Structure formats: structure tokens, C-alpha cells
Amino acid sequence: MTNEEAPLAVSWGVISNVDTPNSFTSELTLTNISQDTLPSSGWTLYFNFIRLLEDHSETDRVQITHINGDFYRLNPVATAPALAPQEQLTISISASAWAIKKSDAPSGFYLAYSPGDEIVPVTNVHIHPFTSVEQTSRMASDNLPVPTPESVYEANQRLTTLDSDQVPPILPAPQRLTPQEGRFTINSQTPIYYQEGLQQQASVLQQALSAVLGTELDAQPLVDSEAEGIILTDQVQTTHEEGYELNVTPGSISISGTTPQGIFYGIQTLRALIPPAYYANPTTSIAVPGVLVQDQPRFSYRGMHLDVSRNFHTIQSVKKLLDAMAFYKLNKFHFHLTDDEGWRIEIPGLPELTRVGGRRGHTEDELDHLYPSLGSGHLVDQLPGSGYYSREEYIDILKYAKERHIEVIPEIDVPGHARAAIVAMKARHHSLSMQGQEEEANAYLLTHPEDSSTYLSVQLWNDNVIDVCMPSTYAFLEKVFDEIRFMHEEAEAPLTTLHTGGDEVPHGVWAGSPACESVGTDNLHDYFLENVYQLLNKHDIRLAGWEEIVLKESAGAPKVPNPVFVPYKFQPYVWNNVWGWGMEDMAYKLANAGYPVVLSNATNLYFDLSYDKSPEEPGYYWASFVDTYKAFSLAPLDIFKTASQDNFGNPIDRNTAYPNRETLTTLGEQNILGLQGQLWSERTYDAATMEYLIFPKLLGLAERAWAPESSWENTEDDVIREAQLSQAWNQFANQLGQRELPRLDGLSGGFQYRVPSPGARIVQGTLYANTAFPGLQIRYTPDGTAPTIDSPLYTEPVQIQGPVQLRAFTPGGHHSRAITVQP
């Protein structure tokens with residue numbers, strides 16, 4: 001293999017999404033940029049493309065073949081003319097669905113030459129801008145506009161900048177906050193006193209304060225109850241295990257809770273009271289205002305999901321996310337460790353899972369690693385396509401999370417989304433069979449070699465579902481479950497819940513499996529779950545999964561709750577509330593049926609979905625566009641209350657569109673465990689993009705999961721509720737702009753969060769500008785250059801000539817994308 005420059009340049013652009021329903025046309029142009037003729041044989045262009053290619057032009061010159069998943073190859077036709085130097089070949093492509101963003105573009109291009117399979121990456125790749133309505137609309141009836149500086153300005157007009165003393169200092173909001181006289185000053189001489197059994201929490205406080213003071217405070221056992229300093233004690237009037245009381249007076253700060261968890265959250269609230277600037281610029285003295293906080297969470301489950309399978313994220317990135325989760329009082333980390341594109345956890349005794357399933361790169365047979373996916377390219381052992389956590393690293397993550405009172409819930413995704421494991425076990429079978437060890441080769445095989453089933457998954461895989469009828473499948477699962485359980489035990493973080501995925505199993509699976517002919521049932525879905533339940537239940541581990549694990553469907557009938565597994569207390573994570581898909585109230589149906597439900601609503605809590613429709617914004621958008629407001633405005637116990645429009649910009653009238661929607665019963669309300677944000681990693685290629693998509697959406701999630709129920713959630717009158725919600729959002733937006741984003745500049749080394757671009761317009765030569773998060777600075781330039789932190793500061797309407805560029809900034813210099821406003 002070589003890394004010399006490829007002789008081809010590639011450009012791609014969308015022609016139209018609106019001409020044919022559920023299909024779009026684009027053009028792929030190949031340009032020979034070398035000085036030599038490119039022959040009509042001996043080379044193959046490989047690439048990834050998330051859409052299913054339906055047809056293409058120039059079939060007399062090239063042939064494009066779908067290999068599997070999002071992996072394609074383009075071969076020249078041997079009888080076609082060669083491509084002369086500087087000659088271009090433009091191929092018209094018809095593909096499924098639509099493409100309105102750069103995130104939709106094909107990627108990961110590389111050339112493979114034969115013989116010898118020499119590899120050359122194609123680095124000269126250009127994506128044409130999305131400018132026309134046909135390029136930015138998903139269909140003719142797509143009524144959602146691309147945001148413009150003017151439309152953003154109009155939306156931001158509903159916001160007002162609050163004085164700093166009107167901005168709540170604590171996020172998420174506590175149950176009760178009472179201001180008190182005076183303040184307590186923390187400096188290097190301030191002692192920490194802790195009651196017996198709370199030494200670990202004292203250590204947590206020492207570390208937290210050292211980050212903003214630059215020195216570690218002395219901590220010692222509490223002897224004198226009248227001592228002055230910071231006091232940790234279990235003397236508090238609360239019955240909630242996560243409840244706490246924080247009392248700041250001129251003489252002391254006391255943090256009390258009946259459990260270490262409660263005291264931990266009290267410490268986080270103390271940290272929230274510290275001026276945000278000190279997180280990036282430590283000081284020697286911190287004045288904490290007098291306050292009495294009495295607090296406990298609204299929901300017991302406050303989670304964040306991270307997919308490290310599609311694209312891998314390092315242990316450092318995971319720990320940093322755990323830090324932020326702890327600060328904002330989230331307590332469940334759903335760790336999506338396996339999927340079609342990668343197996344990311346070491347399992348002793350099955351090295352192929354990470355050696356093959358944890359690596360991607362160019363391959364013809366996948367005996368050593370998986371195909372490239374999601375633009376990961378031809379190189380093996382390169383982030384983010386390749387990577388995994390060793391046993392020791394996973395245990396380290398468990399310990400790190402436990403110290404922050406976060407429970408790790410690992411996900412081993414089966415029976416679908418299991419291709420990495422399937423391919424790895426095929427490679428194991430091949431290796432052992434070559435050594436004559438046929439019995440051992442078959443021990444953990446996940447598919448039957450004679451299975452003739454045909455199917456295609458949502459992500460375009462034709463071989464990603466394990467065979468639920470083979471004994472070796474359950475031997476494999478038991479081995480994996482046991483090894484994960486052992487890791488949790490070694491970390492002293494017992495495995496109480498294991499998420500088994502269970503989603504998006506395509507129709508047609510197992511129909512041609514010889515193993516399934518003799519199991520004695522046609523209900524293979526329930527058969528599989530019963531077997532998996534038995535594997536977990538004997539170790540007192542709860543089976544969790546996406547909502548599909550507790551649904552049943554009949555031909556021609558909508559899906560309904562499956563009563564079979566109610567006694568087993570399966571824990572469904574309900575994601576599919578997409579407006580117009582017919583499953584909007586399924587979470588409530590399942591809760592009313594007796595299932596303990598985690599709300600994972602795609603329309604509000606899928607953080608990998610793009611912030612808005614701008615072609616430059618990364619992320620998918622199949623369910624919705626999800627910004628911080630979407631997370632903040634979710635009404636957990638009645639999601640219809642704040643549903644205003646569907647994914648295509650069409651207004652939603654809940655009474656007209658959903659007159660028969662199911663609402664929560666008293667029992668059902670008790671079965672709503674809480675909320676969880678999700679980050680799927682198809683478009684998160686690095687830590688910066690991961691953080692950009694999560695923050696500040698995670699803060700909206702934290703507010704809804706911890707803070708007491710808001711008045712607007714229970715208001716029936718639409719006009720009054722909208723006014724209440726607008727007022728609440730204005731306050732929250734000010735918290736973000738004035739306190740939380742500046743804090744994120746320094747918290748845990750600083751996060752690469754998204755700063756929203758300002759809104760702006762020019763009227764009769766006067767520039768008007770505003771921001772979605774009041775408190776952010778707006779800077780502008782009239783000379784065509786992108787604004788910097790040193791550019792003129794916008795404080796009031798200003799006379800301007802010609803176009804102007806603007807950016808929003810935090811005081812620490814973190815900024816938005818630049819926008820251009822024309823007069």
C-alpha cells in the first residue's frame with residue numbers, strides 16, 4: 001500500500017430532491033488530474049455512501065456496485081475509453097431518500113490498483129454547495145426553511161437579556177432555593193471537615209475546588225460541629241437517596257445528605273455557584289453568595305447514551321463526558337459498545353471480536369478486519385474507524401464513573417446490528433477450521449453457513465443479524481455477558497442492567513435458516529428474548545433494550561405492547577415518537593401496560609441529529625432537527641403539549657391529529673423512570689464533533705431530568721402555556737449565554753460546544769443583530785474577513801455599508817460559524 005497522491009479528483013453535488021418521490025439525483029464527477037492517461041481497467045474506486053444507489057448513468061464507462069452497508073465500488077468498463085489527462089467523467093446517480101447536507105455526501109474515497117492491491121487515498125474531494133430549493137428541500141412539500149441570518153434574527157427577537165442577578169445560578173434548577181444574607185469566601189486556608197464515612201466525598205470536593213483555586217484544600221474529620229469551613233455531614237431532613245441540602249452562610253458552607261450520592265450532588269451545586277470565569281482562569285479567592293438549597297431529582301433515571309461502535313471515541317473522551325454528566329447531575333451512562341461497524345470491548349478468550357470486529361480498512365474477505373464504513377478509509381488501525389477498550393480500560397471507565405455516582409449500562413446489540421460480531425466469529429471459524437479444530441470453530445458461530453435468508457437492514461447491511469436458533473449463539477452471548485459481568489465485579493460496580501439492543505431487525509431474517517426449522521415456534525422474536533432473559537436473570541441482571549423488545553405486531557396491524565414480558569420487568573428505551581409515523585404515544589402505552597420506561601425520544605433527545613437545516617450543520621435529520629430548545633421543551637409526561645411542527649415544518653394540532661392518543665395513567669406515570677439523551681456516532685469523527693453535537697443540548701436534558709416539573713407542563717390553555725414556556729426558555733437561554741457556556745470553556749479542560757450563529761439584518765444601512773443565548777458577544781467585520789475576538793463588538797444598531805460578517809463569541813473566545821448579511 002502507498003499514500004502517494006491519487007490521479008483522480010472527485011466532486012459531488014445534489015441536482016434535485018424533489019423530482020421523484022423518495023429519491024434524489026446527484027452527480028459524481030471524476031477528473032484525471034495526473035499527466036498520464038487513466039486506463040479503463042486495473043483500478044477500482046471505493047467509497048462510502050449512506051444512501052442506497054438505485055441507478056446511474058454512464059453504464060458503458062463505469063459500473064457502481066453496492067458491496068454491503070454504505071460501502072460501494074466503482075469499476076471502469078473494460079471496453080470503455082481511457083480517461084485522458086484533465087478529462088472529466090460526470091455520472092448521474094439516482095439514490096433513495098434525499099440529501100440536503102454535507103453530512104449526506106459520499107466519503108472515504110480511495111483507489112485500489114491491481115495486481116498487488118496498491119492503495120492510494122483520494123484527497124482531492126469537493127462537495128458542491130447546497131443553494132437551490134431543489135437541493136435543500138427533501139420533497140416538494142418540505143415546508144421547513146433553511147435558516148437565514150434574517151430568520152434567526154426574527155426568532156431571537158422573542159428573547160431579552162436579563163440582568164445577572166435575575167439569571168438563576170444553578171443548572172439544573174433545584175427544588176427550592178432561598179437567598180440568604182452575606183457570603184462565604186473560599187481560599188487556600190479554608191478547611192474541609194467531613195463526617196465519618198464521607199472521606200471519599202471530601203476528596204471529590206478537594207479535587208473540584210483545586211481546579212478553580214489552583215491549590216488543594218486541607219480535609220480532616222469533623223470533630224467540632226461549630227467549626228467554620230466547608231462541612232460535609234449526613235444530618236439532613238430528606239428521605240430521597242439523591243437529595244441534599246446546601247447551606248451557605250458567612251461562617252460556613254454545609255453540604256448534607258443521607259447518602260454519598262446526595263452529598264455528591266450538593267457538591268456539584270456548590271460548584272455551580274462558583275463564578276464561571278474561574279473554571280478557565282483559576283483564582284485565589286472565591287466568594288459564594290449566601291443561599292439555602294434543598295433539592296432532590298425529579299426522575300431517578302437521568303441518562304446519556306454514547307455510541308462508540310460506528311466511530312470510536314477514546315477513553316479520554318469518555319471520561320470527559322462523564323465529568324460533564326456528573327456536574328449536571330446525570331447518573332446513567334448507556335455505553336453502546338457493539339454494532340455493525342465495530343466491536344469495541346475486549347472479551348478474553350475471543351480475541352477476534354476486537355482484532356477483526358474492532359478494526360476497519362481495505363479488505364476483500366474481512367478475515368482480518370471489517371470493510372471501511374462511514375468514510376473511515378482504507379487504512380487499518382486508524383481512528384475513528386478502528387479502536388477498542390481493553391479489559392483494563394473498561395474497568396478504568398467503570399471505576400471513574402462510579403466515583404461520580406454514574407452507573408454504566410453496557411449495550412451488546414443483538415440480534416440485529418450485530419455484523420461486527422458475526423464477521424469476527426466467521427473469521428474465528430475460518431482460522432480454527434484451517435487448523436482442523438472443527439468443534440471449537442463452531443462453538444461461537446453466530447450464523448448458519450447454509451442460511452439462505454435475504455434481507456436489507458435500515459443501514460443497508462444484508463448479513464447483520466445473528467441466528468437466534470443456533471445453540472452457539474447463546475454460548476457466545478453467555479460468554480460475552482459473563483466476561484462483562486466479571487469486569488464490573490472487579491471494578492466493584494455490579495452489573496445490574498444490560499442493554500441488548502433489539503432494534504431494527506429487518507423483515508426476512510431467519511426465513512432461510514436450517515436451524516430455525518426445528519425450534520418449534522414461529523415467534524422467534526419472543527423465543528430469542530426468553531433465552532437471553534434466562535442468561536441474565538440467573539445473575540440478577542435486568543434485560544433492557546430499545547422499545548422493539550416489548551412490542552408485537554401482526555400482519556397489517558400496528559405494533560402494540562407485548563404483555564408476555566411485563567412480569568420479567570424488561571426495561572424499554574422508547575425512541576420512536578417521530579411525528580406522523582404512528583408511534584407517538586408508544587412510551588405511554590408501554591408504561592401503562594406495566595413496563596418501566598426510559599424516554600429516549602428521537603425528536604427531542606437524539607443529539608446526533610443536526611441542530612438545524614443549514615447544509616453546513618453536521619448530523620442526520622431523519623426524525624427531526626434537534627437543538628437545545630428541543631431538549632429543554634420536552635414535556636416528559638405529555639410530549640404532545642409542546643409538539644408544534646413535524647419534521648417537514650407542518651404544524652401539529654394535537655387534538656386534531658391525535659384525538660385518540662393514549663395518556664399516562666397513575667400507574668403509567670410511576671413507570672416513567674426518566675430521560676436519556678442519545679449520541680449515535682455515524683457523523684462524529686473526533687472528540688470536537690462529539691462535543692459539538694452533545695453540548696449544550698445535554699444541559700436541556702439535565703434540566704428536564706432533574707428540575708421540578710415546570711408550570712407550563714400542566715397548563716392546558718395553549719396560549720398561556722406558550723407564554724409560560726417562552727418565559728422559562730428566555731431564562732434558560734440567559735443561563736446558557738451568561739453562565740454555562742463560559743463555564744464549559746474551562747470545565748474539565750474545556751468543551752468544544754456549539755455556539756449558535758447570531759441573527760442579523762440590515763435595514764436602510766443599519767445593522768441589527770442578536771443572539772439565541774443572551775450574554776454572548778457579537779463581533780462583526782465589514783471587510784469580508786471572518787470576525788475574531790478582537791473585531792468590533794456589536795452593542796447597538798450600527799451604520800454599515802456593504803455586506804458584513806458576524807460571529808457570536810463567549811468571553812473565552814469560543815465562537816460560532818460566521819454569517820454574512822447583505823444590505
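**Entry 1: ground rules**

I looked at a predicted model, where local features need pLDDT of at least 70, side-chain atom pairs count only at pLDDT 80 or more, and totals for chains, interfaces and linings use all residues. Residues are numbered from 1 along each chain as its sequence is written, and side-chain values use heavy atoms, with hydrogens and water left out.

**Entry 2: aromatic pairs**

I began with the rings and found 44 aromatic pairs in the structure. Rings of Phe, Tyr and Trp (its six-membered ring) pair if their centres lie within 6.5 Å; planes under 30 degrees apart count as stacked, over 60 as edge-to-face and the rest as tilted.

I looked up tyrosine 46 with tyrosine 110, a stacked pair with 5.2 Å from centre to centre and 20 degrees between the planes. Tyrosine 46 belongs to strand β3 (residues 43–48) and tyrosine 110 to strand β8 (residues 107–113), so this pair ties together parts that are 64 residues apart in sequence. For the element names, helices (H or I, at least four residues) and strands (E, at least two) are DSSP runs, numbered from the N terminus.

Are these two tyrosines buried or exposed? I noted 6% relative accessible area for tyrosine 46, which is buried, and 1% for tyrosine 110, also buried. Buried means under 20% relative accessible area, exposed over 50%, and partly exposed in between (1.4 Å probe, protein chains only).

My next pair was phenylalanine 632 with phenylalanine 732: the ring centres are 4.6 Å apart and the planes stand at 35 degrees, so the pair is tilted. It links distant parts of the chain, with phenylalanine 632 in helix α15 (residues 628–632) and phenylalanine 732 in helix α20 (residues 718–744), 100 residues apart. Phenylalanine 632 is buried at 3% relative accessibility, and phenylalanine 732 is buried at 1%.

I also wrote down one aromatic cluster, formed by Tyr301, Trp546, Tyr573, Trp575, Trp581, Tyr606, Trp622 and Trp680.

**Entry 3: lysines over rings**

Which ring does lysine 320 lie over? I found lysine 320 over the face of phenylalanine 751, 4.8 Å from the ring centre. Lysine 329 lies over the face of tryptophan 706, at 5.6 Å from the ring centre. The rule is that NZ of Lys or CZ of Arg is within 6 Å of the ring centre and within 35 degrees of the ring normal.

**Entry 4: helix α18 and the cores**

I turned to helix α18 (residues 687–694), where six of the eight residues are buried, so the helix is largely enclosed by the rest of the structure. The buried ones are Thr689, Met690, Glu691, Tyr692, Leu693 and Ile694. Their cover includes β18 (301–307), α6 (315–327), β29 (672–679) and α19 (697–706).

The largest nonpolar core has 191 residues, and Phe476 and Leu698 have the most contacts inside it. To this core α6 gives the most, with eight residues. A nonpolar core is a set of buried Ala, Val, Leu, Ile, Met, Phe, Trp, Tyr and Cys residues joined through side-chain atoms within 4.5 Å.

Leaving aside neighbours within four places in sequence, I listed the contacts of leucine 698 (heavy atoms within 4.5 Å): they are Met304, Leu321, Met325, Tyr328, Leu330 and Phe607. Another core, of 31 residues, lies apart from the largest one and has Leu30, Leu38, Phe49 and Leu83 among its members.

**Entry 5: arginine 138**

Where is arginine 138 found? I located arginine 138 in the loop between α1 (133–136) and α2 (149–156), and this residue is buried, with 1% relative accessible area. Its C-alpha atom is separated by 6.5 Å from that of valine 18, 120 residues apart along the chain.

The side chain of arginine 138 makes a polar contact with the side chain of aspartate 142 at 2.8 Å, and reaches the backbone oxygen of asparagine 647 at 2.7 Å. A polar contact is a pair of N or O atoms within 3.5 Å; within protein, one must be able to donate a hydrogen and the other to accept it, and residues adjacent in sequence count only if both atoms are side-chain atoms.

**Entry 6: the disulfide**

I counted one disulfide (a pair of cysteine sulfur atoms within 2.5 Å). Cysteine 469 and cysteine 516 form it, with their sulfur atoms 2.0 Å apart. The link is right-handed, with 100 degrees about the S-S bond. Cysteine 469 is buried at 7% relative accessibility, and cysteine 516 is buried at 11%.

**Entry 7: asparagine 592**

My last stop was asparagine 592 in helix α13 (residues 586–593), buried at 16% relative accessible area. Its side chain makes a polar contact with the side chain of glutamate 662 at 2.9 Å.
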